[in-house]
Amino acid sequence: MEIFKYHNYAFAKLLAFRIQISLAYQIMAVVVGWHIYEITRDPLSLGLIGLAEVIPYFASALIAGHAVDHYYSRRLFGALAAVLLLVNAFTLTALAIGWLNGAATLWIYASIAFTGFARAFIAPSYNTLFAIIVPRKQFVKAASLGTTAFQAGLVIGPAIGGFLVGFTSKAVAYGVATALCLGAMSAMLSIKIDEPKNPTGAPLLTSIKEGLSFVFSNQIVLGAMSLDMFAILFGGAVAMLPAFIHDIYQLGPESLGILRAAPAVGAIAAGLWITRHPINLHAGRWLLSAVAGFGLCIISFGLTRNYWMAATMLLLSGICDGVSVVLRQTIMQLATPDNMRGRVSAINGIFIGSSNELGAFESGTTARLMGLVPSVIFGGLMTLSVVGITSKLAPKLRKLELHQLH
């Protein structure tokens with residue numbers, strides 16, 4: 001493809017970093033979910049996994065965005081993220097082997113904190129390098145490829161995690177994640193480009209304030225972030241999949257891997273289609289429709305008792321989510337000034353990335369209060385409400401055509 005003609009395949013190496021770190025993260029997510037539910041048999045414990053990750057993420061995300069915009073090499077910050085995730089993977093491997101004593105649940109929650117710190121640096125370093133490597137006219141196609149690579153990690157990671165737990169052991173699964181973290185670090189450090197010199201001199205709080213002011217004064221950027229944040233927050237059925245496998249379908253961990261992978265299969269299909277057929281006209285309407293479709297699929301998933309029908313609904317939800325992610329990433333890349341990409345990516349991560357973990361906590365809490373199935377249906381209905389509210393309050397986003405941002 002045309003974008004691979006630039007910078008000696010630097011973009012391919014950036015994609016290699018993204019897919020490997022996504023694989024490592026998803027393998028650990030599946031195995032940790034199974035591990036903790038195997039110990040506790042409590043859906044709230046699944047939600048607490050998200051909380052254990054999101055607290056350190058919140059604490060460090062804005063600082064990470066400032067650092068990527070102002071200090072040293074973006075590649076080194078990407079490598080740092082891989083190292084932090086490596087610490088998590090190695091700790092979980094040691095726990096599964098039996099090298100660590102004490103309450104297993106406490107070790108699990110403590111190790112997950114490193115995932116939160118790692119994620120704080122992943123998006124800012126990736127997005128700033130993306131803008132350096134990819135010509136602006138190629139942003140839509142490159143964003144589609146980047147999303148497809150990321151979603152490939154979401155597909156393959158859960159499948160690998162589920163099958164490794166089912167047919168080998170948790171220790172082997174965690175060990176594979178450890179190796180992938182090393183691969184991600186190597187891919188990031190192997191990128192050979194001339195990075196523009198970072199601007200210096202802005203104090204931390206002033207720098208963060210500049211990023212927040214940009215986001216909250218831009219209706220299109222704020223609307224896109226808010227739409228996905230609340231949709232994912234209330235549509236976080238994936239966190240409850242171990243409970244569905246145990247209690248509704250009464251199947252094993254390999255079946256969990258299939259359900260975890262189903263949304264990402266749909267997202268990959270959507271990403272590949274958009275790569276060939278970029279969406280330029282009526283981008284805002286496409287975005288709103290995709291999130292609404294996601295909510296309807298989550299409701300349908302909650303209503304079915306058939307395993308394969310559930311997998312189909314999750315697959316369709318992934319198609320909707322894939323369209324939403326590509327459009328949001330393209331909007332963010334086109335609308336963000338070069339000197340603010342780290343900070344805006346960090347703010348976007350707080351809006352979007354943390355909503356997965358908060359959504360897991362919300363799903364666990366509502367499952368405890370309402371029951372497993374009603375909590376998922378409630379989440380889907382809330383997602384539809386968010387689409388309606390965003391459409392009303394953000395008319396610039398609703399009417400957006402991508403060529404307006406070039």
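**View 1. Cysteine C181 in the predicted model.** In this predicted model, C181 has a relative accessibility of 1% and therefore counts as buried, the cut-off being under 20%.

**View 2. Cysteines C297 and C320.** A disulfide is a covalent bond between the sulfur atoms of two cysteines. The cysteine sulfur closest to that of C297 belongs to C320, at 4.6 Å, which is too far for a bond because a disulfide requires sulfur atoms within 2.5 Å. The structure as a whole holds zero disulfides. C297 also counts as buried, because its relative accessibility is 9%.

**View 3. Helix α14, residues 372–393.** The helix has 22 residues and, at 1.5 Å a residue, should span 32 Å; its end C-alpha atoms are 32 Å apart, so the two values agree. Several residues of α14 are buried, among them L372, V373, V376, I377, G380, T383, V387 and T390. An α-helix has 3.6 residues a turn, so residues three or four places apart point the same way.

**View 4. Residue L145 and residue V326.** L145 lies in helix α5, which covers residues 139–167. With a relative accessibility of 15%, L145 counts as buried. Although L145 and V326 are separated by 181 residues in sequence, their C-alpha atoms are 9.0 Å apart in space.

**View 5. The crossing of helices α2 and α4.** Helix α2 (residues 43–70) and helix α4 (residues 104–133) have axes that come within 7 Å and cross at roughly 40°. The two helices are therefore oblique to each other, and their crossing is right-handed. The contact of α2 with α4 comprises 15 nonpolar, seven polar and three charged residues.

Notes. Residues are numbered from 1 along each chain as its sequence is written. This is a predicted model: local features need pLDDT of at least 70, side-chain atom pairs count only at pLDDT 80 or more; totals for chains, interfaces and linings use all residues. Side-chain values use heavy atoms; hydrogens and water are left out. Helices (H or I, at least four residues) and strands (E, at least two) are DSSP runs, numbered from the N terminus. The expected span of a helix is 1.5 Å times one less than its number of residues. Buried means under 20% relative accessible area, exposed over 50%, partly exposed in between (1.4 Å probe, protein chains only). Axes are lines fitted to C-alpha atoms, for helices over the stretch in contact, and angles run from 0 to 180 degrees between N-to-C directions. Angles under 35 degrees count as roughly parallel, over 145 as roughly antiparallel, 65 to 115 as roughly perpendicular and the rest as oblique. A crossing is left-handed if the near helix is turned anticlockwise from the far one by less than a right angle, and right-handed if clockwise. Ala, Val, Leu, Ile, Met, Phe, Trp, Tyr, Cys and Pro count as nonpolar, Asp, Glu, Lys and Arg as charged, and the others, Gly among them, as polar.
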